[in-house]
Amino acid sequence: MLTVHHLGKSQSERIVWLCEELDLSYDLKIYDRDPVTRLAPPEYKALHPMGAAPVIDDGGIVLAESGAIIDYLVARYGNGRLVLAPDHPDFPHFVYWFHFANGTLQPATGRNMILSRLDLPSDNPMLRAMNARLDLALGQVQSRLAKVDYFAGSEFTTADIMTVFTLTTMRLFLPFGLAPYPAILGYLQRIGRRDAYQRAMRKGDPDLTPLLH
């Protein structure tokens, strides 16, 4: 039996969403963040040596890292769904944007989140550099989505599942507006209409209204 250990308001929402898109049978266990530190509780940290979300247990196989979990679940249970084959003309875009999510976009928001808690002056060189890096990343996303419906092109794929968290739920931890990025906003409206996304968010974070605007 596949068990998804979901830490509320975290990157593990990607895994709940993937399971809903693939219509997998899974057991969902939800953990709440510490109300003071906003970190995972001890029982979640005990699931895996890294102590971070997400974590799955698939018949005794315990796996962390959202990208690795998504690759594993799609390879094992996807039957070719939500990925593009190497001979697909959009395969390079699929690979790039899948890895852009946690290789560039999420780290840019994470660094800015940490810096925002240090009460630095607005002209601090590191703060300005990291703000510029985030602006650059969001600009790339805007440029891509102004041309295509989904990150890989015309097809919804796991590249979208990897990316949406940073454009939505991550903004609870680092508030940033998307008004300068109309293509991103239009994209999030398309995502919000997906039945699987709606089910996943209701199951994993029923008290959260997805930040789709």
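Predicted model: local features only at pLDDT ≥ 70, side-chain atom pairs only at ≥ 80, totals over all residues.
1. Residues are numbered from 1 along each chain as its sequence is written. Local features need pLDDT of at least 70 and side-chain atom pairs pLDDT 80 or more, while totals for chains, interfaces and linings use all residues.

2. Helix α4 (residues 91-116) packs with helix α6 (residues 158-167) at an angle of about 15 degrees, and their axes are 8 Å apart. Helices are DSSP runs of H or I with at least four residues, and strands are runs of E with at least two. Axes are lines fitted to C-alpha atoms over the stretch in contact, with angles from 0 to 180 degrees between N-to-C directions. The two helices are therefore roughly parallel (an angle under 35 degrees).

3. In α8 (residues 195-204), the buried residues are A196, Y197, A200, M201 and G204. Buried means under 20% relative accessible area and exposed over 50%, with partly exposed in between, for a 1.4 Å probe and protein chains only. Exposed D195 and R202 sit on the face turned away from the buried side.

4. Most residues other than glycine have a negative phi, and most peptide bonds are trans. The bond from A53 to P54 is cis, with omega near 5 degrees, and P54 lies in the loop between α2 (42-45) and β3 (55-58).

5. L82 has a positive phi of about 70 degrees and counts as buried at 14% relative accessibility. D119 has phi near 55 degrees and is exposed at 72%.

Note on methods. Heavy atoms only, no water. Parallel < 35°, antiparallel > 145°, perpendicular 65-115°, else oblique.
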